[in-house]
Every structure is written in C-alpha cells, then in structure tokens.
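Dear colleague,

I am passing this structure on to you, together with some notes on what turned up in it. Please have a look at the sequence and the fold before you read on.

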Amino acid sequence: MVRVIRKSTAALGLVLGAMALAVPAQADELRDAVGEDMPGLMELYKDLHANPELSFQEFETAKKLAARARDLGFEVTEGVGQTGVVAVMRNGDGPTVMLRADMDGLPVTEQTGLPYASKAKGVPASGIESGLMHACGHDTHMAAWIGAAQLLAERKDEWQGTLVMILQPAEELGLGALAMLEDGLFTRFPKPDYVLGFHDAAGAPAGAIGYAKGYALANVDSVDITVKGVGGHGAYPHTTKDPIVVASSIVMRLQTLVSREKNPLDPAVVTVGSFLAGAKHNIIPDEAKLQLTVRSYGAESRAALLEGIERIAKAEAMAAGMPEDRMPVVSVQDPYLPSTYNTPEFTEQVMAGLSERFGERVFETPPVMGGEDFGQFYLADPENIESLIFWVGGVPQDQWAKSEAGELELPSLHSPFWAPDAEAVISTATEAMTAATLDLLPRKGGGLARWRTHRPERPPGANAGA
C-alpha cells in the first residue's frame, strides 16, 4: 500500500507531548469497553501476524474471521471476490454503513524479532518462494475490524440501520476491491451510504489519527514501453539503430512531463523503475524495455500524463531515425488503481467527532502519492456514496522520539522490520471506527444521527473514473 504520512516535526511534537500525558481526551464507556476487549484482540492479532497469507490466498484468514462475525450475529457470506467476506447486520430502518479491512500479507521475510514473528512461506505471482509477513499492518486492520464488530453488535439497542462489514482480499495487488464489486458487493448485499476504512501509518506516532480531505491517495498506473531498434555489432554503431540510446532519451524527456507540462499545483510523478536491454558488452540489442509507475490525482491529469508518455516515446524514436515499423509500443496495465477520494464535508464531519473524542491526536495531513484500492468503493457510485479512509499512527513512542532527535531511521511499511505498536493501533482504530459508525447511524427509536450530510462534494472528473 502507501508510504504513509509524515506530519511536520513541530506539529507532531505537540501530538506526542499530548499523548505522553496519558490523559484520555474523553474517558467514557466506549473507551472502557475497548480496553476490556484488548486482551482478546491482541491474541487475535498475534495469531494473524504469525499466519499471513498472500493476495487471493487468504483462505484460512477469511474462514477464521468469518466464524467470529457469524458468532456475533452477522449474516456472513464467504468467497466474495474469490476470498472476500461480507458480514451484514440489519437493525431496522436507517442508512447503511460499510466498514472495510484488508487481509493480505506480503512476500517479505520478517526480521522484527517479535516472539510471534511469521515463519510462514508462500509462492507469489513471481513463482519464487518467499517468507511471508504482514509488513503493511493488515493484521492490525483485521483485529480492529473484529473489535468494532463486537462493540457494534453489543450496542444494537443504540443504533438503527444496516451495518455491512467486509474483509477484502488482495489490496496489495490493487485488485481485491474491484473483485468484490464485480462479484456483486453492491447488488447482492446492501449498498452503503457511507464507507469507512483506516490504515496503520509508519510515519506517525502510535495512536495519532491522520486524515486528508478530498484526494487522499493517487491514481497508480503501470506503464510498459518497448523501444524497438536494429541490433548489430557494438564496434559498428552506424549500421544499427540503437534502442538503448533512444530509451535513454525517452527516460530523460519523460521528466519534463511533470517539470514543464504539469501545473506545479497539480502533483504528479513519473518514475522509470526498470530499464532492461542487451546481454553482452559488444552487442547493440534490437530492443529495450522500460517499466514506469505514473501517479496522479484527477482524471484529466492522468489522461494528460499517459498521452504525454506515448507522444514522447514516439517522438524520440522518430528523432533517432527509426522507421515507422519500429516505433515504440506503449502499454498501460488494466485495470489501473484509481485515486482515493475522501468526500470533503463527510470527512470534516466524521473527524470533528473524532477530534472531540481524541483531542490533539487527530490532525490533517496532505495527500500522498501512494495507492490504495479503497477508492474503488466510492467510484462505484460517486453520486450517492460518502467515503473516508484515515490513518492511525503505529510508530512506538520511544522510536518516534529517537527519530525526531535524529537518532533512528524508522522502517517504512513493507519493510521486514516494520513492527507497529499494535496495541495502540488496534485500540485507537477500534474506538474510532465504532464511534464514527454510531455517530452516522440514527439512534434506536427514531432519534437523529449525530451527523446529517448534504449531497457530497465531487472531485473534477469524478464520473469519468478519477
């Protein structure tokens, strides 16, 4: 997933100081209930952490959590979008709230030294066996998902409406949300009015809550460019058309898409992550291959970048005198990962409630260029769905303090060393997801929900699949 948030040192210092006081922003029955549930949730977390499964292979994980949801009184359907789980609780008239957690681990060999560290192995799409690890923190997501399910099921007499809780596969491939939608998530099951999710953060202190209004995460396109040439002997380059030189020119010219063609206030990234060509010192090959990751936010921005990549590739080949039948081939991976958009007014309303509850632990953060397929749920019906994903900091307090003092380099998400303060992440996320859901649903017996929203603000080009 994303390489998440790093708030300014001064501002996060205030957060850290406030949290160090160990005085809850709002002590109440819900927080006490979370505390009572934490021993069981931590046992679940350790079990999930020790037994990760790869994308679309989350069979035992899904089975284990589906059984827990069923025991809580949810109507549970397994195998949605291959390995996804949908748990529904109908509790009278009212809106529908959907809570999402992702399940998949990564092909990373764990090096945290934790007593419950994963020793699992698996074979990802590369075909190469690897150690497996929840290096993106999805184990904390699932534990908090169960925590919220328990609390909301216990409080059925406090709310009315419909609760849909989903466990999504294959977030790390960017394919799981789409797989569930294509398998009837919004037609076979109640379609949500509100969609909520969270992600642990390796760039914020444990227990802090970060959010962005509007675009939160980027469109992610994977682009392949095959640069064709005419191979030959390296000693006689005049008898060839060198694809390495052409591909090198393409790499350099691509940088101008962002630096000279994009509005500086509309962020974008074009990165060439792979350049493959040739096999021997003295042979000019007949082709070179480039692999790009392209990041943007809006639909128009994305389209302009992709058009520019194809234009530059062909123009550089023409400048090198390549014949028409040797023009580069540009291919864009489909489906692409769309941007994640937090509907602004809805985001403000939910975060206002969480700010009352958590105080200075809640802060606004800029959007990031990482990707997340959570945005697929909003894009399935952007006119009628309100959406929000937020971050919960996971960096242990002592590590955060050392990092701020320049004494420690923090591991990122996907690192074999990433070991969040799981108790802080799970307890904070459980409380936040539960409190936000209770604020969105009407009170039992006809009382109003805490928040009433208007027609959501839409991003430019939303209906075009931004």
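How much space lies in the largest cavity? The model is a predicted one, and in it the largest cavity holds about 30 Å³ of space, while the structure has one cavity of 30 Å³ or more. The lining of this largest cavity is made up of Leu99, Arg100, Ala101, His141, Ala144, Trp145, Ala148, Met165, Phe198 and Met433. Two elements, β3 (96-102) and α4 (138-154), each give two or more residues to that lining, and the largest share, four residues, comes from α4.

For Phe390, if neighbours within four places in sequence are left aside, the contacts are Gly197, Phe198, His199, Ile209, Gly210, Tyr211, Met351, Ala432 and Met433.

Turning to the aromatic rings, the structure holds eight aromatic pairs. In one of them, the ring centres of Phe186 and Phe377 lie 6.5 Å apart with their planes at 45°, so this pair counts as tilted. The two residues belong to distant parts of the chain, since Phe186 sits in the loop between α5 (176-182) and β7 (194-205) and Phe377 in helix α9 (residues 375-379), 191 residues apart. Both Phe186 and Phe377 are buried.

Another pair, formed by Tyr215 and Tyr297, is stacked, with 5.5 Å from centre to centre and 20° between the planes. This pair, too, links distant parts of the chain: Tyr215 is in strand β9 (residues 214-217), whereas Tyr297 is in the loop between β14 (287-296) and α7 (299-319), 82 residues away. Tyr215 has a relative accessible area of 17% and is therefore buried, and Tyr297, at 6% relative accessibility, counts as buried as well. Through ring pairs, Tyr215 and Tyr297 are joined with Tyr341 and Tyr378 into a cluster.

One further ring deserves a look, that of Tyr336, over which the charged end of Arg302 sits, 3.4 Å from the ring centre.

With best wishes

Terms used. Residues numbered from 1 in each chain as written. Predicted model: local features only at pLDDT ≥ 70, side-chain atom pairs only at ≥ 80, totals over all residues. Heavy atoms only, no water. Phe/Tyr/Trp six-rings, centres within 6.5 Å; stacked < 30°, edge-to-face > 60°. Buried < 20%, exposed > 50% of the residue type's maximum accessible area, 1.4 Å probe, protein only. Lys NZ or Arg CZ within 6 Å of the ring centre and 35° of its normal. Contact = heavy atoms within 4.5 Å. 1 Å grid on protein atoms, 1.4 Å probe; cavity = no way out; pocket = protein on both sides within 12 Å on 5 of 7 lines; lining within 4 Å. Points joined across faces, edges and corners; volume = space filled by probe spheres on them.
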